[in-house]
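Here is a short tour to read with the model open beside you. Take it one topic at a time.

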Amino acid sequence: DWLCGSAVTYRYDTKSRWLGVRRDDLERFTAVSSQVANQMAAGVLEQTPEAHIAASVTGHLGPNAPPEQDGLVFSSIARRNENSAEIIENHRFELESSEREDRQQEATLLVLRALISVLD
């Protein structure tokens, strides 16, 4: 009754096709960026007309992450306005965990906490 769905988009092409993330922004900023997190959250609202709020998370949890992106996560929360999506929060997280599965859980909790704070 409450959740409309989710999208898991690891590849640039999928982020672009499914969520409308601009290819030039993916190339310029990489997927591990606030710009892409914002577009992902807005894209979810564009593709899901019945949704009122959306959260996105993008990052590099390893393995084989470039050192400057290793454990770095960006999250955005968007709310539907009358005619568009408004980004209401954007976060940059540096994860404390070092193992991929632990990082997945840590990132999930950080995004859910941010979403809950917006809903309160």
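Strand 1 (53-60), strand 2 (72-80) and strand 3 (85-94) are among what covers the buried residues of helix 4, where cover is by contact, meaning heavy atoms within 4.5 Å. This is a predicted model, in which local features need pLDDT of at least 70, side-chain atom pairs count only at pLDDT 80 or more, and totals for chains, interfaces and linings use all residues. Residues are numbered from 1 along each chain as its sequence is written, and side-chain values use heavy atoms, with hydrogens and water left out.

**Faces of helix 4**

- Buried here (under 20% relative accessible area, with exposed over 50% and partly exposed in between, 1.4 Å probe, protein chains only) are Arg-103, Glu-106, Ala-107, Val-111, Ala-114 and Leu-115 of helix 4.
- Seen down the axis of helix 4, the buried residues fall within an arc of 165 degrees (from directions of the helix axis to the C-beta atoms), so they line one face of the helix.
- On the other side of helix 4, you will find Glu-101, Arg-113 and Leu-119 exposed.

**Helix 1 against helix 3**

- Helix 1 (residues 12-19) packs on helix 3 (residues 34-47) at an angle of about 40 degrees, and their axes are 9 Å apart.
- Lys-15, Trp-18 and Leu-19 of helix 1 make the contact with Val-36, Gln-39, Met-40, Gly-43, Val-44 and Gln-47 of helix 3.

**Leu-3**

- Leu-3 sits in the segment before helix 1, and at 81% relative accessibility it counts as exposed.
- Leu-3 and Ala-54 lie 51 residues apart in sequence and 9.8 Å apart in space, C-alpha to C-alpha.

Methods: Axes fitted to C-alpha atoms, helices over the stretch in contact; angles between N-to-C directions. Helix = DSSP H or I, 4+ residues; strand = E, 2+ residues; numbered from the N terminus.
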